[in-house]
Amino acid sequence: MKNKYLILLLLCLMVVSLSAMPPKHEIRGAWLTTIWRLDWPSTLAKDSVSTEKQKSDLLKILDRLQFLNFNAVFLQVRLRNDVIYPSKYDAWTKMLTGKSGKSPGYDPLKFAVEECHRRGLECHAWMVVVPIGSDRQVRELGENSLVKKRPELCKKIGDEWFLDPGRPETTELISGMAAELTRSYDLDGIHLDYIRYPEKGELPDRKTKAIYGDGLNLPDWRRENINRIVFAVYDSVKALKPWVQVSSSLIGKYNDLTNVSSLGWNGFAKVMQDAKSWLHAGKQDFIVPMMYFKEEVFMPFMSDWKKDACRRPVLGGLALYMLNERDWPMGTIMNELNYTRLINSGGQVYFRTEQLMKNVKSCADSLKLVSYRYPAVFPPMVWQDSVPPASPRGFSIRQDKSKLLFNWEDEDKEPGVTYNIYMSNRRKIDIDNPGNIIVCRLRVNRFEMEIPDDFRGDLFFCVTASDRYHNESLKSNIVKVRFLR
């Protein structure tokens, strides 16, 4: 009987996918993986030619995501104890040049942020927190390794090294890294990964607990240690730039449910990740549970996250890599995407970008033609700020041969404001309808559009402004354009 209901629900979700209007407010992200050069870079920067190729490879990825109507890139900037930007905490990763500690001759993160913004994409810096690498990686980093620089903070399981979350200095280190990123770059978010205890083997931290345990039992103490790091990162980022979003990728199952077991693999009991407490404390702007399992498990655990979301988006982390690794059908991903919309969770993030680039099992086509056929904007951060910016003034359109040239005033605009242009065949333009969006998240007060051959009659246009908290203004003046051909 249970399977019969599940089949009926899946059929309903398929119908929803084909018929429903995609939401206007939705986060659509991709994890862009740099460790082992899984998604990028495919070219090592060894000279001027290969460096330019490395950059152009990234631009191809960003162009692809823009074309597919994504609006966020989660770029892996801290891999283990190595990074893709100049840092006082970590060394340059060898994934850029082939040699640990060697600069590629440019700042890849600065380049990525600028190019994301040029395409209307948000750029979120994805940091791996607790793991710091294998014995081999430690040897390659040499004196730049945290094992050498801060041995008191490092613990070993087998041949893998980890930061000790129980040390207060670890909290200071990680929050300092997040502050460095926030201060140095025009980022849209800081995204924490592996913000948990290791799942394989027991971290040798009993001596740390003897000093800092404060009378708590071991699991509760460990959860408090992770909580402390998350809270410190959130507070340090918000103290510098309150509009920068702080999020985390999480184990997909928080804990056992009443009717569904996690089979021993969950965040709360297994790796001391009490992410619901982060939401209740207001220390996350959104979360991304890694929901790398099929529908019958995906749906109850996704609903469990949504139940305790505290008005924050809960983005389903969807496993595109399973199309290759486990031969999943694309229908599984589409059903899970549709379920996140059914429960109004706030969006999706995909692992990995490679499948989108290669269009594995037509995954990119399915998104572009069905689920992401119109652009989407981020949900407003109403818990941070809910006051919209002023409407753009002086909106005008000039026709130049086969193009429309849009322009409006922006001398008095607030810092960080972006613009959205809408078009309709009705004078009363519905800006809640994503089908009316021409372009969103523009950072300049002008735009050019090629006139499609099938334009006929009167069309109406307007522009709105969005602030850094994703609050959107009222419409500008409406401009009518008549197409006679």
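## A first look at this predicted model

Arg28 lies in strand β1, which spans residues 27–32. The model is predicted. Arg28 has 0% relative accessibility, so this residue counts as buried. The side chain of Arg28 makes a polar contact: it reaches the backbone oxygen of Tyr374 at 2.8 Å.

Pro41 sits in the loop between β1 and α2. The peptide bond that joins Trp40 to Pro41 is cis. Omega there is about -5°.

Helix α4 covers residues 108–118 and is mostly covered. Of its 11 residues, 8 are buried. Which residues of α4 are buried? They are Pro108, Leu109, Phe111, Ala112, Val113, Glu115, Cys116 and His117.

At its start, a side-chain oxygen of Asp107 comes to within 3.1 Å of the backbone nitrogen of Leu109. After the helix comes Gly120, with a positive phi near 75°.

**Two helix pairs**

Two packed helices are described by the angle between their axes and the distance between the axes. Take α2 and α4 to begin with. They pack at an angle of about 35°, and their axes are 11 Å apart. The crossing of α2 past α4 is right-handed. From α2, the residues Lys55, Leu58, Leu59 and Leu62 take part. They meet Phe111, Ala112, Glu115 and Cys116 of α4. By class, this contact has 6 nonpolar and 2 charged residues, with no polar ones.

Next come helix α14 (residues 330–342) and helix α16 (residues 363–371). Their axes come within 10 Å and cross at roughly 35°. Here too the crossing is described by its hand: α14 passes α16 in a right-handed way. On the α14 side, the contact is made by Met330, Met334, Leu337, Asn338 and Arg341. On the α16 side, it is made by Cys363, Ser366, Leu367, Val370 and Ser371. This contact of α14 with α16 has 6 nonpolar, 3 polar and 1 charged residues.

**Backbone features in later loops**

Asn344 lies in the loop between α14 and β13. Lys401 lies in the loop between β14 (396–400) and β15 (403–407). Neither residue is a glycine, yet each has a positive phi. The table lists the phi values.

| Residue | Phi |
|---|---|
| Asn344 | about 55° |
| Lys401 | near 55° |

Are these residues buried or exposed? Asn344 has 59% relative accessibility, so this residue counts as exposed. Lys401 is exposed as well, because its relative accessible area is 77%; the cut-off for exposed is over 50%.

A cis peptide bond joins Phe351 and Arg352. Omega for this bond is about 15°. Arg352 sits in the loop between β13 (347–350) and α15 (353–358).

Strands of a sheet pair through backbone hydrogen bonds, either parallel or antiparallel.

Look at one pair in detail. Strand β16 covers residues 418–424 and pairs with β17 over 3 bridges. Their pairing is antiparallel. Tyr419 has Leu442 in β17 as its bridge partner.

**A buried loop residue**

Ile429 is placed in the loop between β16 and β17. Ile429 is buried, because its relative accessible area is 3% and buried means under 20%.

What does Ile429 touch, leaving aside its neighbours within four places in sequence? Ile429 is in contact with Tyr422, Ser424, Asn436, Phe460, Phe461, Cys462, Lys475 and Ile478.

Note on methods: Residues numbered from 1 in each chain as written. Predicted model: local features only at pLDDT ≥ 70, side-chain atom pairs only at ≥ 80, totals over all residues. Heavy atoms only, no water. Axes fitted to C-alpha atoms, helices over the stretch in contact; angles between N-to-C directions. Helix = DSSP H or I, 4+ residues; strand = E, 2+ residues; numbered from the N terminus. Left-handed = near helix turned anticlockwise from the far one by under 90°. Contact = heavy atoms within 4.5 Å. Nonpolar A, V, L, I, M, F, W, Y, C, P; charged D, E, K, R; others polar. Buried < 20%, exposed > 50% of the residue type's maximum accessible area, 1.4 Å probe, protein only. Polar contact = N/O pair within 3.5 Å; in protein donor to acceptor, adjacent residues only side chain to side chain. Pairing = 2+ DSSP bridges.
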